[in-house]
Amino acid sequence: MHKKHKFSKKVFATYVAISFLFVSVFIVCVYFGFNKTIKRYTNLINTVAIKRSEEAREISFDKVNKKLEVMPAYGDKYGNVIIDSIQLNLPLYYGDNEEILSYGIGHYAGSYFPGEGGSIILAGHNDPGYFERLSEVKEGDKITLDVSYGKFSYKVQSTKIVNENDLDSFPISEDRELLILYTCYPKGIGHKTERFVVYAEGDES
Amino acid sequence: MKNVKMFTRIILGLIASFFLIILSVLLIMKSTILNKDYVIKKISDDNYYDKLYEEIKKDMENNTLSSGIDKEVINDIYTEDMVRDDVGGLIGSIYSGNKFDINLEKIEGNLNESIDEFLNKNNLKADDENALNNFKDRIVNVYKDEVSLYGYFNNIGDKYKKVDNVCNILIVLSIVIISLNLFIIRKLHKKYYGVTFLSAGLGLVYLKIFIWEGIDIKNIIIISDSFSNVLKNILNDMGTKLLTLSIIFIILGIILNITSSFKKIKRIRRT
């Protein structure tokens, strides 16, 4: 009697099938055990930590509901700030971190957009090429925000000097389109803690 | 009796397979993100220090706007070697558990000299000492915040020791359980070695797809561009190791399954 070995396809197929069974059990355990946790973290990362595309987003404005349907991406240029009385015409960006403020005028992301009927807060450096001449603006002067979805005009109501930490001087109104522009004050050496603020309201004329 | 044996083999195989997957993931973590030498090498290969140096410079320049002080004052107040030493110290503190404080005295001294030189050269005078001191603090804090990733390194340091201890315990546990399965109970289970490795390999492929494809890793940006590049490369490396290990397990599993599939056939020689 001698022994021989023969390859059994049936046995091999059984082993492979059992392997897939094990993987299926593993997938079910991971899916039902960790899916919510993993999805929560991956969604968080995808929402806050994914670089925007190089092309500027196409903004769309719902005129009926007075609301932006598609907002600009943070850091995108979406218009210009024009104040004829001080020969100012500067690019307007969404966001107001130090990098954005080095490019032009920054729009505080916690405020509304032109046309939405709420407070719009814009900041610029007190330097040539920025808001250096903002303190020359007077009551009655016209400010235009020429943005990608339209032109919006405002008339200066008042100006004042406030402390940088005086948040009450930068009210976020939901039912009144109030344009607030501010810059460091006064001009001089060092980091100033005061701000020159301009308040303007929608000008129908 | 035959069914009990079959059922036992399946359970043991399943347990061994799960722990093989866990062990693989833990060993990859221990050899990458939990390994100080690996992280420092990745940082160096990625030119992290150069990029961070430039990011700090740009941020400092942005902070000179509205200050009445020219951006030239920040030239040479810090060097790439200082950045390298401080980053190295912070990373070392994560893995050693010792605190590392960035020494800002030299930068403050250099900045003071530079500002004095600028003011004298341009016949300017600071009319508000507080404003000037605020400016200096802001510039120096840019260095500290960027190098320490806004204090993030300290947060990681607190969590690292806990994560490392848990990993070590799980690794030992996994090795013990897998050894029990594969070597000590091998009479019951020997034919299932192939199943264990093949299913572990397929499980690792699933994990790679489930986690890595869920995040747009190539466009990830956390804290800064320079840090994000290092993080991206480490995550991609871990993904590649996971995939490599899974392919090795799959091939090993198929080979073992093939060898286990040979049945003995007795041929009785007729006399």
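Mentor: Let us begin with Leu149(B), which counts as buried at 2% relative accessibility, and please keep in mind that this is a predicted model.

Trainee: How should I read that percentage, and where in chain B is Leu149(B) placed?

Mentor: The idea is to compare the value with a cut-off: a residue is called buried when its relative accessible area is under 20%, and Leu149(B), at 2%, therefore counts as buried. As for its place, Leu149(B) is in the loop between α6 (129-147) and α7 (152-184) of chain B.

Trainee: What is the phi of Leu149(B)?

Mentor: Leu149(B) is not a glycine, and yet it has a positive phi of about 55 degrees. Asp76(B) is placed in the loop between α3 (48-64) and α4 (80-96) of chain B.

Trainee: Is Asp76(B) buried or exposed?

Mentor: Here the other cut-off is needed, since a residue is called exposed when its relative accessible area is over 50%. Asp76(B) has a relative accessibility of 64%, so it counts as exposed.

Trainee: Which residues does Tyr206(B) touch, if I leave out those up to four places away in sequence?

Mentor: With those left out, Tyr206(B) touches Phe26(A), Ile27(A), Val30(A) and Tyr31(A). Tyr206(B) itself is in helix α9 (residues 193-212) of chain B, and it is buried, with a relative accessible area of 16%. A distance along the chain and a distance in space can also be read side by side: Tyr206(B) and Ser246(B) are 40 residues apart in sequence, and their C-alpha atoms are 9.6 Å apart in space.

Trainee: Now for the chain as a whole, how many helices and strands does chain B have?

Mentor: Chain B has 10 helices and 1 strand, and reading from the N terminus the order is α-α-α-α-α-α-α-α-α-α-β. Its radius of gyration is 29 Å, well over the 18 Å that the globule rule gives for 271 residues, so chain B is more spread out than a compact globule. Along the principal axes, the C-alpha atoms of chain B fill a box of roughly 120 × 30 × 25 Å.

Trainee: What share of the residues of chain B count as buried, and what can be said of its contacts?

Mentor: Of its 271 residues, 44% count as buried. For the contacts, we consider those between residues at least 6 apart in sequence, and among these 82% join residues at least 24 apart. The accessible surface of chain B comes to about 14,900 Å², with 57% of that belonging to carbon and sulfur atoms.

Trainee: Which domains are assigned to chain B, and how many residues of each take part in the contact between them?

Mentor: The domain assignment gives domain 1 (2-35 + 175-260) and domain 2 (41-153) of chain B, and their centres, taken over C-alpha atoms, are separated by 44 Å. The contact takes 13 residues from domain 1 of chain B and 11 residues from domain 2 of chain B.

Trainee: And which domains are assigned to chain A?

Mentor: In chain A the assignment gives domain 1 (1-50) and domain 2 (60-202), with 56 Å between their centres over C-alpha atoms.

Notes
Residues are numbered from 1 along each chain as its sequence is written. Chains are lettered from A and ligands numbered from 1 in the order in which they are written. This is a predicted model: local features need pLDDT of at least 70, side-chain atom pairs count only at pLDDT 80 or more; totals for chains, interfaces and linings use all residues. Side-chain values use heavy atoms; hydrogens and water are left out. Helices (H or I, at least four residues) and strands (E, at least two) are DSSP runs, numbered from the N terminus. The radius of gyration is taken over C-alpha atoms; the globule rule is 2.2 Å times the number of residues to the power 0.38. Buried means under 20% relative accessible area, exposed over 50%, partly exposed in between (1.4 Å probe, protein chains only). Contact means heavy atoms within 4.5 Å. Accessible areas come from the Shrake-Rupley method with a 1.4 Å probe; for residues, only the protein chains shown count as cover. Domain bounds come from an automatic or database domain assignment.
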